[in-house]
Amino acid sequence: MLELRLVQGSLLKKVLEAIKDLVNDANFDCSATGFSLQAMDSSHVALVALLLRSEGFEHYRCDRNLSMGMNLNNMSKMMKCAGNDDIITIKADDGSDTVTFMFESPTQDKISDFEMKLMDIDSEHLGIPEAEYQSIVRMPSAEFARICKDLASIGDTVVISVTKEGVKFSTRGDIGTANIVLRQNTTVDKPEEATIIEMNEPVSLTFALRYMNSFTKATPLSSTVMISLSSELPVVVEYKIAEMGHIRFYLAPKIEEDEDETNPQG
Amino acid sequence: MLELRLVQGSLLKKVLEAIKDLVNDANFDCSATGFSLQAMDSSHVALVALLLRSEGFEHYRCDRNLSMGMNLNNMSKMMKCAGNDDIITIKADDGSDTVTFMFESPTQDKISDFEMKLMDIDSEHLGIPEAEYQSIVRMPSAEFARICKDLASIGDTVVISVTKEGVKFSTRGDIGTANIVLRQNTTVDKPEEATIIEMNEPVSLTFALRYMNSFTKATPLSSTVMISLSSELPVVVEYKIAEMGHIRFYLAPKIEEDEDETNPQG
Amino acid sequence: MLELRLVQGSLLKKVLEAIKDLVNDANFDCSATGFSLQAMDSSHVALVALLLRSEGFEHYRCDRNLSMGMNLNNMSKMMKCAGNDDIITIKADDGSDTVTFMFESPTQDKISDFEMKLMDIDSEHLGIPEAEYQSIVRMPSAEFARICKDLASIGDTVVISVTKEGVKFSTRGDIGTANIVLRQNTTVDKPEEATIIEMNEPVSLTFALRYMNSFTKATPLSSTVMISLSSELPVVVEYKIAEMGHIRFYLAPKIEEDEDETNPQG
């Protein structure tokens with residue numbers, strides 16, 4: 001038996017909005033430690049990893065480990081029916097082929113039950129080793145989203161270059177080129193407006209803007225984003241989720257010279 | 001000669017928005033008692049009845065009964081040209097084949113005249129007998145609109161079930177099922193936020209969500225909606241219009257077992 | 001060498017939004033007196049003239065007259081990447097085939113460089129003689145935009161008629177006719193809400209609403225619009241740009257009886 005009660009239900013609404021365009025079907029894994037998901041995007045280029053720790057739930061009962069295959073588009077349709085202030089409870093009986101989402105309005109005058117069919121999804125859980133990164137950029141998530149959107153109007157890929165002074169986002173397209181430089185800035189009124197560069201080694205990597213723009217759908221979850229870069233590793237774009245977890249997106253860099261059309265990120 | 005001056009012209013704008021998608025052409029009937037309309041929707045499943053009583057107009061002159069056939073889409077185009085604070089006057093000469101809508105801005109600095117061609121429309125006026133209903137639900141109109149919209153993302157029909165404790169809206173579709181329960185609640189800060197159940201007999205009836213969602217286009221006209229249900233009668237979904245009248249939508253229940261594709265509500 | 005620094009960069013963003021749908025490619029002409037553009041719309045019916053005087057720039061360096069051919073759609077894509085509070089600097093080296101737009105955020109923490117390819121555009125600069133107009137109407141620009149939009153839902157052309165008392169905008173279409181009268185009104189709380197008629201001679205002229213609606217894309221640039229009318233001349237629809245210049249649209253009146261389909265404004 002599974003029963004997870006999340007007072008700030010809007011977090012789950014935002015999580016679905018963040019990943020439903022990237023991933024069609026995925027297993028949600030439930031264990032004593034938390035509610036998590038790991039899935040490749042439908043073109044098998046990017047990886048999403050979600051973690052909501054059990055401590056973040058008002059009530060968290062998970063008698064045994066459970067993996068529930070869900071169609072994220074259908075789940076999103078149901079999450080959209082929850083009010084922004086609703087408490088959301090996820091319920092499943094052992095061996096059941098359905099999951100129930102219960103939405104309670106703050107006044108308790110409106111109670112909704114949505115029951116969704118589960119699906120069998122083959123998935124292998126990738127072990128993602130902890131790694132040292134050459135550079136880590138922390139910046140306002142809305143600024144990162146704005147930059148990815150702006151650059152996508154000019155070109156298809158973004159070069160992210162980190163130096164001690166700041167981070168540069170560049171692109172090139174038919175109509176011209178664009179370079180956007182953000183300076184390290186830690187002396188801001190609000191901590192979430194800071195741009196913080198943690199650089200062990202300068203790094204310059206190229207990524208498909210299409211995926212970066214997908215990742216920024218998670219912007220409503222957190223006012224800051226952390227971008228971890230190393231030349232030998234996929235970039236990690238991480239959004240913290242309140243006090244309870246995170247959503248992380250992984251994307252391999254493009255080899256700069258490789259611009260042929262068979263590139264899966266093209 | 002007809003001359004009806006409506007100070008709160010935005011009401012007429014909202015009335016048109018409420019019915020223009022449901023009804024293409026209809027006769028507006030003008031008599032000493034008021035300005036009214038009764039029309040079937042274009043697929044002859046739902047019925048709309050509008051009444052604006054003469055007392056609600058600042059000036060109401062209607063020398064003899066007049067029935068004016070209008071294309072509601074064209075009339076809506078003209079109404080959209082009125083400002084939200086404009087005074088609207090409807091004018092027609094006896095025997096004329098046009099109607100004039102005059103819009104006066106609050107400062108009287110902008111005066112608009114829109115003249116629209118009338119059309120001949122065959123229509124039979126149905127007598128709708130007053131009836132006793134098994135259950136009547138009064139609830140916030142925005143909540144009703146939200147529920148109909150939410151359920152339509154899951155299924156095609158809604159089962160409305162009334163008990164003493166509350167009203168349940170249910171649907172079922174390919175991706176799962178949904179049940180939304182509203183509890184009777186009369187102890188709210190604002191009367192328009194109350195959910196009031198007046199139950200003589202429990203009732204459970206099925207309706208096409210497509211029509212219910214059309215009816216909720218009238219939501220801007222009133223903060224509450226009244227839903228009258230009886231197993232032998234069409235449901236009545238009623239929105240009061242300020243102090244001057246109402247708009248009522250009638251829809252026959254679906255026979256629950258009848259799910260074949262020839263059903264006109266399908 | 002060219003370097004023009006505009007503190008209120010949003011003006012340039014608005015200018016592009018105002019003209020990009022009307023004109024595809026155009027030469028921006030830069031001289032000691034200012035930054036200007038004159039171009040016919042793509043169907044060669046309307047003329048746009050833009051002037052931003054050099055005094056309006058914080059820094060204005062233009063060593064020699066320069067004409068830079070730009071694709072306005074591409075330029076608009078780049079301008080959309082500037083923040084509303086950004087300072088915009090336009091830079092070009094002598095003989096270069098590119099122009100650079102630099103955007104500086106108010107805090108100087110974000111600096112963007114967008115480089116766009118220039119194009120060779122044949123254009124003849126029309127001398128537009130100063131003229132006396134029979135009537136000049138000054139009115140709120142938002143009101144003019146609203147009227148043009150409203151009338152376009154009824155008909156294709158607008159007749160603008162000026163008398164001492166006011167200005168009338170009329171149209172006629174399949175569904176009926178519309179007349180909107182604005183009264184001269186100079187006793188308003190805010191000067192930008194005034195409607196001021198300067199009439200030497202009454203005038204009544206017909207124009208294609210499609211073009212008028214294009215012109216109103218400049219509405220965000222100014223709270224008032226000035227419409228100059230004479231029976232022998234193109235109408236001038238002028239929006240002042242802050243303290244630094246204007247954008248003017250010119251459109252020849254339609255000959256009222258000429259409603260054949262070969263009319264270029266049809």
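**Exercise 1. Strand pairing in chain B**

Determine in which sense strand 11 of chain B and strand 12 of chain B pair, and over how many bridges.

Solution. Step 1: locate the strands. Strand 11 of chain B covers residues 157–162 and strand 12 of chain B covers residues 166–173; strands here are DSSP runs (E, at least two residues), helices are runs of H or I with at least four residues, and both are numbered from the N terminus. Step 2: apply the pairing rule, by which two strands pair if DSSP finds at least two bridges between them. The two strands pair in the antiparallel sense, over four bridges. Step 3: find a residue pair. S161(B) is opposite K168(B) of strand 12 of chain B.

The model is predicted: local features need pLDDT of at least 70, side-chain atom pairs count only at pLDDT 80 or more, and totals for chains, interfaces and linings use all residues. Residues are numbered from 1 along each chain as its sequence is written, chains are lettered from A and ligands numbered from 1 in the order in which they are written, and side-chain values use heavy atoms, with hydrogens and water left out.

**Exercise 2. Two helices of chain A**

Describe how helix 1 of chain A and helix 2 of chain A cross.

Solution. Step 1: take the axes, which are lines fitted to C-alpha atoms over the stretch in contact, with angles from 0 to 180 degrees between N-to-C directions. The axes of helix 1 (residues 10–19) and helix 2 (residues 72–79) of chain A come within 9 Å and cross at roughly 145°. Step 2: list the residues in contact (heavy atoms within 4.5 Å). From helix 1 of chain A come L12(A), K13(A), L16(A), E17(A) and I19(A); from helix 2 of chain A come L72(A), M75(A), S76(A) and M79(A).

**Exercise 3. The interface of chain A and chain B**

Solution. Step 3: count the residues. The contact takes 17 residues from chain A and 18 residues from chain B.

**Exercise 4. Salt bridges**

Find the salt bridge between chain A and chain B, then the partner of D21(B).

Solution. Step 1: a salt bridge needs a side-chain nitrogen of Lys or Arg within 4 Å of a carboxyl oxygen of Asp or Glu. Step 2: the rule finds one across the interface of chain A and chain B. E143(B) and K110(A) form a salt bridge, with their closest N and O atoms 2.8 Å apart. Step 3: inside chain B, D21(B) meets K217(B) in a salt bridge (2.9 Å, N to O). D21(B) lies in the loop between helix 1 and strand 2 (25–30) of chain B, and K217(B) in the loop between helix 4 (209–215) and strand 16 (224–229) of chain B, so the pair ties together parts 196 residues apart in sequence. Step 4: over all chains, the whole structure has 41 salt bridges.
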